[in-house]
Amino acid sequence: MKKLGIISHISNKGKIILRSDKTPGFGLPVFTEDKKRIGTVHDFFGPTKKPYISVKVYAKNTKNLEKRVGESLYISSKPIKKWGRKKRKKR
């Protein structure tokens, strides 16, 4: 697990805003310290060296978000396995 950043605040629309040193890909899953999946990367904005990252929170995790301010969030260091139908090889 790679550290994504520390939670700065919660937006009016219920998204977690955090400050990071790196720019992750859109849609990557975001985890807490105890390896529970909290949401996905929704957007990033601000300066390129230390961007702000918006995390879209899953519906079941919306309770007590204000208490999580100051907590660290992480992203997976392993690549995400894509599900779906595999393409056939041409002969």
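Helices (H or I, at least four residues) and strands (E, at least two) are DSSP runs, numbered from the N terminus. This is a predicted model, in which local features need pLDDT of at least 70, side-chain atom pairs count only at pLDDT 80 or more, and totals for chains, interfaces and linings use all residues. Residues are numbered from 1 along each chain as its sequence is written, and side-chain values use heavy atoms, with hydrogens and water left out.

**View 1. The protein chain has six strands and zero helices.** Of the 91 residues, 32% are buried, meaning under 20% relative accessible area with a 1.4 Å probe, protein chains only. Contacts are heavy atoms within 4.5 Å; among those between residues at least 6 apart in sequence, 56% join residues at least 24 apart.

**View 2. Strands β3 and β4 form a hairpin.** Here β3 (residues 29–31) runs antiparallel to β4 (residues 37–45), and three bridges join them. Strands count as paired if DSSP finds at least two bridges between them. Look for Val-30, whose bridge partner in β4 is Gly-39. Five residues lie between the two strands, and Lys-35 in the turn has a positive phi of about 65 degrees.

**View 3. Strand β4 also pairs with β5.** The pairing with β5 (residues 52–57) is antiparallel and spans six bridges.

Terms used: Buried < 20%, exposed > 50% of the residue type's maximum accessible area, 1.4 Å probe, protein only.
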